Protein chains: 2
Amino acid sequence: MTVRQLSLPDLVANCVRLGVPGVGLWREPVAEYGLEATAKLVRDAGLTVTSLCRGGFFTTTQGLDDNRAAIDEAAALGTDTLVLVSGGLAPGSRDLTAARARIGEAIAELAPYAGERGVRLAIEPLHPMYAADRCAVSTLDQALDIAERFPAAQVGVVVDTYHVWWDDRAPAAVARAGAAGRIHAFQLADWTTPLPAGVLNGRGPLGDGAIDLRRWRTLVEEAGYTGPIEVELFNDELWARNGVEVLEETAEGFVREVG
Amino acid sequence: MTVRQLSLPDLVANCVRLGVPGVGLWREPVAEYGLEATAKLVRDAGLTVTSLCRGGFFTTTQGLDDNRAAIDEAAALGTDTLVLVSGGLAPGSRDLTAARARIGEAIAELAPYAGERGVRLAIEPLHPMYAADRCAVSTLDQALDIAERFPAAQVGVVVDTYHVWWDDRAPAAVARAGAAGRIHAFQLADWTTPLPAGVLNGRGPLGDGAIDLRRWRTLVEEAGYTGPIEVELFNDELWARNGVEVLEETAEGFVREVG
């Protein structure tokens, strides 16, 4: 999504050129290009698919059938991780506790299905500013409280610096997740202010913001994480620019800030 | 601040007319109208000053001398509560832990001074979306961790629904604060989406948003709180309207939603 302006072939070719060994994909461009065609494109280039985004929205719009389809797509793409953005308050509700309970129920229905296909569900806690309308799971501890009801091979969490950097309990939660083998994805974005209207598309390029990104890499690796590190920047300004340039800058920023 | 477009005399006269028994004031309009004149205006009308906003910004712009001045102003206005918005990251820093430590040090310097003047410092945890640039104290537990180093007559916390509603640990923190006599202010605003650019001035009128406000009133009262309930709406749309109408609607909303 950092360079969603690129076609999948351009994305893959430039990742190979820049030495980026894997890509996280979103369902919509994969569906547009074709599931099998995408799998072949990435595989033939020697890249891995680090994760697929996203399942979830259990409290509102996305049904379990569509979530099962997302699991199938992850398996077809050869990735072991489906990221879940779980959904906010149910329509008309003001009950976050009920929303979190519904999220746990939905995951209970999906986890065995995912496990049978070699796909791990990765619950992503989103920043509390999204609690009402996107994700009632706001902290790593909340995500782990749900994940720990299931085997680690079925359900874990995403650690995304943008969402957890403010939380003084997050370092302990990272250790808790790592000890249980439940860090299923690690994503980087920086926190830049002022936030844009709607607060969705203002994630900062690495190094431009308030987050000590290297510290978070150290934390997850000290917790035992050895998987890929993704950079996920939702940013209107980046999307308006030349995608190849943005990809090059992002790769450079990665090496400079956390490499 | 809910009706900052009103002059202080208009604010006071309309509060009296509507049966609103007290007002929270901000330093800037008080300074403009005159400290002694404001104290007399409110006192002669039979209103109480529920709190003064604000001290704080310890990590950046506001020095201790100016914070002492704010304490003096609170005493002169006859209110026992000065609200603290503590400040975010120091310039060039990415260390929230250091910011929180600095906030604790500053409060240690101010607390006895406040106590001698009958003013309680009220640490306001701000929503985590303000952690970088306005307040590194993001949860009630963090605020209490600082407050509990001092006598409750010197330092406590603000419970503002807008800032804490998303936090599953906040109800327990409210009980913790109440048991120690440290809930020094209780403020209401609703959470409406989408958030505006800059995320400062989009606090929702009571009942328009995602927060179960009545539950929070119950929580603070079950924790032993018997003080005033303030409504603090930073909202560009409300500020652009007739202030008397907004004040009337706010009073009606208060009775309807939490009365």
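**Where the chains meet**

Author: Let's begin with the contact between the chains: 25 residues of chain B are in contact with 25 residues of chain A. Two residues are in contact if their C-beta atoms, placed from the backbone, lie within 7 Å. This is a predicted model, in which local features need pLDDT of at least 70 and side-chain atom pairs count only at pLDDT 80 or more, while totals for chains, interfaces and linings use all residues. Residues are numbered from 1 along each chain as its sequence is written, with chains lettered from A and ligands numbered from 1 in the order in which they are written.

Reader: Do the copies meet through the same surface or a different one, and why?

Author: They meet through the same surface, because 100% of the interface residues of chain B are also interface residues in chain A.

Reader: How are the two copies related?

Author: Copies are superposed by least squares on the C-alpha atoms of residues with pLDDT of at least 70 in both. Here, a rotation of 180° with 0.0 Å of shift along its axis places chain B on chain A, with an RMSD of 0.0 Å. The two copies are thus related as by a two-fold rotation axis. In chain B, Ala197(B) has the C-alpha nearest that axis, at 1.9 Å.

Reader: Which strand order does the open sheet of chain B have?

Author: Strands (E, at least two residues) and helices (H or I, at least four) are DSSP runs, numbered from the N terminus. Two strands pair if DSSP finds at least two bridges between them. In chain B, seven strands form an open sheet in the order β1-β2-β3-β4-β5-β6-β9, with parallel pairing. Its edge strands are β1 (22–26) and β9 (229–231) of chain B, each pairing on one side only.

Reader: How many bridges join β5 and β6 of chain B?

Author: Four bridges join β5 (residues 155–160) and β6 (residues 183–188) of chain B, in the parallel sense. One pair to find on screen is Val157(B) with its bridge partner in β6(B), Ile183(B).

Reader: What share of chain A is buried?

Author: A residue is buried if 20 or more other C-beta atoms lie within 10 Å of its own, with C-beta atoms placed from the backbone. Buried residues make up 49% of the 259 residues in chain A. Chain A has eleven helices and nine strands, and its C-alpha atoms fill a box of roughly 45 × 40 × 35 Å, taken along the principal axes.

Conventions: Buried ≥ 20, exposed ≤ 12 C-beta atoms within 10 Å, placed from the backbone.
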